[in-house]
Amino acid sequence: MAEKMNPIDALFDENNSDPIKLFNEKGEEIAFDQIAVIPKGKRVYAILKPIAPMEGLAEDEALVFQVADPSDVVGEYLTLVTDIDLIDEVFAVYDKLMDEEDKKRGNKGSK
């Protein structure tokens, strides 16, 4: 991609296939594959999977980030969600959306 996008623009760009790049608390860049963008209530969440192995995270696990309202962005575009109950709720919405998509395709839950 020729132009560097902020993470929110990259998340919502249907034509973007580049990794979402974020910086950790040490200032190190971490690249993520976008799994899903999940609207829940008045908030929007992103499920992102690190491309490279990440300490404390299994290879098949992903992280949940709260997406900032673009009008409120001062420094942080995405904030890591650490509340286990909220993470479970976001993944429940994701699972429901995936089940609905499977039903539309006629797969009815086959995995």
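Mentor: Let's start with a definition: buried means under 20% relative accessible area, exposed means over 50%, and partly exposed lies in between, using a 1.4 Å probe and protein chains only. This is a predicted model, where local features need pLDDT of at least 70, side-chain atom pairs count only at pLDDT 80 or more, and totals for chains, interfaces and linings use all residues. Residues are numbered from 1 along each chain as its sequence is written, and side-chain values use heavy atoms, with hydrogens and water left out.

Trainee: Why is lysine 40 called partly exposed?

Mentor: The relative accessible area of lysine 40 is 26%. That value falls between the limits of 20% and 50%, so the label is partly exposed.

Trainee: What makes glutamate 89 and lysine 40 a salt bridge?

Mentor: A salt bridge is a side-chain nitrogen of Lys or Arg within 4 Å of a carboxyl oxygen of Asp or Glu. Here the closest N and O atoms are 3.0 Å apart, so the pair meets the definition. As background, side chains of opposite charge can pair when their charged atoms come close.

Trainee: Which parts of the chain does that pair tie together?

Mentor: Glutamate 89 sits in helix α2 (residues 84-105) and lysine 40 in strand β2 (residues 29-40), so the bridge links parts that are 49 residues apart in sequence. Helices (H or I, at least four residues) and strands (E, at least two) are DSSP runs, numbered from the N terminus. By that count the protein chain has two helices and five strands, in the order α-β-β-β-β-β-α.

Trainee: How many salt bridges does the whole structure have?

Mentor: The search finds two. Arginine 105 also pairs with glutamate 101, with the closest N and O atoms 3.4 Å apart. Both of these residues lie in helix α2, four residues apart, about one turn of the helix.

Trainee: Is arginine 105 buried or exposed?

Mentor: Arginine 105 has 60% relative accessibility, so it counts as exposed. Glutamate 101, at 28%, is partly exposed.

Trainee: What puts the buried residues of α2 on the same side?

Mentor: The buried residues are Leu86, Ile87, Val90, Tyr94 and Asp102. They cover an arc of only 155° around the axis, taken from the directions from the helix axis to the C-beta atoms, so they share one side of α2. Asp85, Lys96 and Lys103 are exposed on the other side. The cover over the buried residues includes β2, β3 and β4.

Trainee: What makes a set of residues a nonpolar core?

Mentor: The members are buried Ala, Val, Leu, Ile, Met, Phe, Trp, Tyr and Cys residues joined through side-chain atoms within 4.5 Å. The largest core has 14 residues, and those touching the most other members are Leu11, Ile20, Leu22, Phe32, Leu48, Phe65 and Leu78. At least two residues each come from α1 (7-12), β1 (20-23), β3 (43-50) and β4 (63-67). A second, separate core of ten residues includes Ile38, Tyr45, Ile47 and Leu86.

Trainee: Which residues is leucine 78 in contact with, leaving aside neighbours within four places in sequence?

Mentor: Contact means heavy atoms within 4.5 Å. Leucine 78 is in contact with Pro7, Leu11, Ile20, Leu22, Leu48, Phe65, Gln66 and Val67.
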